[in-house]
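Got the viewer open and a selection tool ready? Let's take a short walk through this one, stop by stop.

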Amino acid sequence: MSEKGVFSSIEKLEAEMLADPTITINDLIANNTQVSGTGSLESSTYNATIKIDSNGDVLISSEGTRFEGEGQMQAIFEFVAGRGGTTSDSVFSQGVTGCSGVAITGSGLIDSYDSSLGDYNDTLDDGSKNISEESFVNTVNDTGDITLNGSGTIEGDVLSSSNLSIRQGADVTGNIHSNGNLILSGGVVIGGMHQHI
């Protein structure tokens, strides 16, 4: 229930930002200092408080209870302002982002499109398709490994903050980068350059 308090708080903040995209972070938090509710299970409740911490990040402290049990948790979030359109400063604006790692197997395809121009694979005014080779597969944590296994294709770059393993005919049309071990085996095709640090 304490987790539900965190998620409900985020939903409330996001709803208000959608209703008023020009709202400041201070006004947003001032309007939403507390979120309470009940869960679907009998006698389950949550109560969360929302404030801005000393670093300017959003701090959600949530307490959840059911019968005699009680759980508490805190979550810290940084709201990052976008630059308009589909471009964002968020680390999660990339195609596929894993905190602890990414594993992609089989014969899937990872590519991207510009949602401001319409749906995926729509025919655009110039006759081209709304598909791009600018997707990224990356990791956030220093220990994040990326493993690509199979005959899939990544239309873009692969950036691993740790080890990168590409096997069994997986293709990458862009660049690859690894801060750890770099393993390429089984007919792998890299369209760009590869870098191993």
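**First stop: a strand pair**

Select Ile 110 and then Ile 154, its bridge partner in β10. You're looking at a predicted model, where local features need pLDDT of at least 70, side-chain atom pairs count only at pLDDT 80 or more, and totals for chains, interfaces and linings use all residues. Residues are numbered from 1 along each chain as its sequence is written, and side-chain values use heavy atoms, with hydrogens and water left out.

Now show β7 (109-110) and β10 (153-154) whole; they run parallel, joined by two bridges. Strands here are DSSP runs of E, at least two residues, numbered from the N terminus, and two of them pair if DSSP finds at least two bridges between them.

A cavity is a set of points on a 1 Å grid over the protein atoms alone where a 1.4 Å probe fits but cannot get out, and lining residues have an atom within 4 Å of a point. Its volume is about 80 Å³, counted as the space filled by probe spheres set on the points, which are joined across faces, edges and corners.

Key: On a 1 Å grid over the protein atoms alone, a cavity is a set of points where a 1.4 Å probe fits but cannot get out, and a pocket is an open set with protein on both sides within 12 Å along at least five of seven lines; lining residues have an atom within 4 Å of a point. Helices (H or I, at least four residues) and strands (E, at least two) are DSSP runs, numbered from the N terminus.
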